[in-house]
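Trainee: I have a model open and want to go through its side-chain packing. Can we take it piece by piece?

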Amino acid sequence: MSCELDPLPTDIFKELLSDLLPFITNMCSASLSEGLLSTSQRSAIITPRLKKVGADPSDALSTSFKSYIHVENRLSTTCVEQNGLLPESQFAYYRRGHSTETAVVKIVSDFLLATDRREVTLLSLFDMSAAFDMVDHDILIQRLHHSFGFRDVVLAWIRSFITARTQRVRVGDQYSSYASVFYGVPQGSILGPVLFLSYTADVLVIAGRYGVSAHHSYADDTQLYIHSCTDSCSMMFRHFTACINEMGSWMSSIRLKLNSEETQFTCLGSRYQLAKVDTTVFIFNNLHINILSVVTCLGVEIKSIRN
């Protein structure tokens, strides 16, 4: 699919790839060695769409821009993986053995094993409002430098990638004027999710501090769950609530918002064990939380059977 910002249609680009490849290689090499992404590659056209089936696809990123990002993403993720900088519980399509399918299978497997131990599982599925659009560039750069060791030309290139960006909106044949983008990482790019995971890595650190060792993160979707025998459920709920509330406060400190109204909670286990659980004691953000019988985890419905 071509973007109108491309100087050359994608089908022609592919047809002439063998001839163009030396020039593309030189452009990417020059960009990385100088730590600078061309200004022409920092503009986008956004086609608004609802998150529903049948919505129009976005046509925001040019082919040449994707070429730059693919090269940088390979370099960055290789560095991060080789040095063990991302937790094993952070899943992403670019990490081998860390797909959405793997994450869902792990959650279901842990829940079934807990059921065999006659335990119940409290599962929460976080929702963050406009997460990718709210990333603070200065905070992200600081985290990449201090927590992940990025510096010099690499850090300069990433700063160039996320800053001084412009975009305009297209609706039908009508266009808005170009506007500067001061926050967020580009959606639709390969590197965007990598940067977002780096930005929010401390979510899993906070979970571990509260003993919630069962946690997974995929882009802006985060799942936390904890197992307990029925006699300790009230204590488990209070402990879990304290963990989530601290996460909410930490997210606010980095300009993210935990959407408590859209965050889902469910309790899983056998019918016999669930019948012993009093879920009315579970309070989140000073609100009594409804424990749902059906939740959606990374596109997969998980049902709690209580009757």
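Trainee: Which residues in α6 are buried?

Mentor: Keep in mind that this is a predicted model. In α6 the buried residues are Leu155, Trp157, Ile158, Ser160, Phe161 and Ile162.

Trainee: How are the rings of Trp157 and Phe161 arranged?

Mentor: They are stacked, because the planes are at 10° and the ring centres are 5.7 Å apart. Both residues sit in helix α6, four residues apart, or about one turn of the helix.

Trainee: Why would residues four places apart point the same way?

Mentor: An α-helix has 3.6 residues a turn, so residues three or four places apart end up pointing the same way.

Trainee: What lies over the face of Phe161?

Mentor: Arg165 does, at 5.7 Å from the ring centre. Just after α6 there is also Ala164, which takes a positive phi of about 55°.

Trainee: How many aromatic pairs are there?

Mentor: The count is two.

Trainee: Is Phe132 buried or exposed?

Mentor: Phe132 is buried, because its relative accessibility is 10% and the cut-off for buried is under 20%. Phe196 is buried too, at 0%.

Trainee: Changing topic. How many residues has the largest nonpolar core?

Mentor: It has 50 residues, and those with the most contacts inside it are Leu140, Leu144, Leu195, Leu224, Phe240 and Met247. Elements supplying at least two residues each include β3 (120-126), α5 (137-146), α7 (191-199) and β8 (221-228). The largest share, nine residues, comes from α9.

Trainee: What lies apart from it?

Mentor: Another core, of 10 residues, with Ile107, Phe111, Val295 and Cys297 among them.

Trainee: On to charges. How many salt bridges are there?

Mentor: Five are counted. One of them joins Asp110 and Lys106, at 2.5 Å from N to O. These two are four residues apart in helix α4 (residues 100-116), about one helical turn. Asp110 is buried at 15% relative accessible area, whereas Lys106 is partly exposed at 38%.

Trainee: Is Arg209 buried or exposed?

Mentor: Arg209 counts as exposed, with 53% relative accessibility. Glu246 is partly exposed, at 25%.

Trainee: Last one. Where is Ser304, and what does its side chain reach?

Mentor: Ser304 is in the segment after β13 (300-303). Its side chain reaches the backbone oxygen of Cys267 at 2.5 Å. Ser304 is buried, with a relative accessible area of 10%. Leaving aside residues up to four places away in sequence, Ser304 touches Thr266, Cys267, Leu268, Leu274, Leu292 and Ser293.

Definitions and conventions
Residues numbered from 1 in each chain as written. Predicted model: local features only at pLDDT ≥ 70, side-chain atom pairs only at ≥ 80, totals over all residues. Heavy atoms only, no water. Core = buried A, V, L, I, M, F, W, Y, C linked by side-chain atoms within 4.5 Å. Buried < 20%, exposed > 50% of the residue type's maximum accessible area, 1.4 Å probe, protein only. Polar contact = N/O pair within 3.5 Å; in protein donor to acceptor, adjacent residues only side chain to side chain. Contact = heavy atoms within 4.5 Å. Phe/Tyr/Trp six-rings, centres within 6.5 Å; stacked < 30°, edge-to-face > 60°. Lys NZ or Arg CZ within 6 Å of the ring centre and 35° of its normal. Salt bridge = Lys/Arg side-chain N within 4 Å of Asp/Glu carboxyl O.
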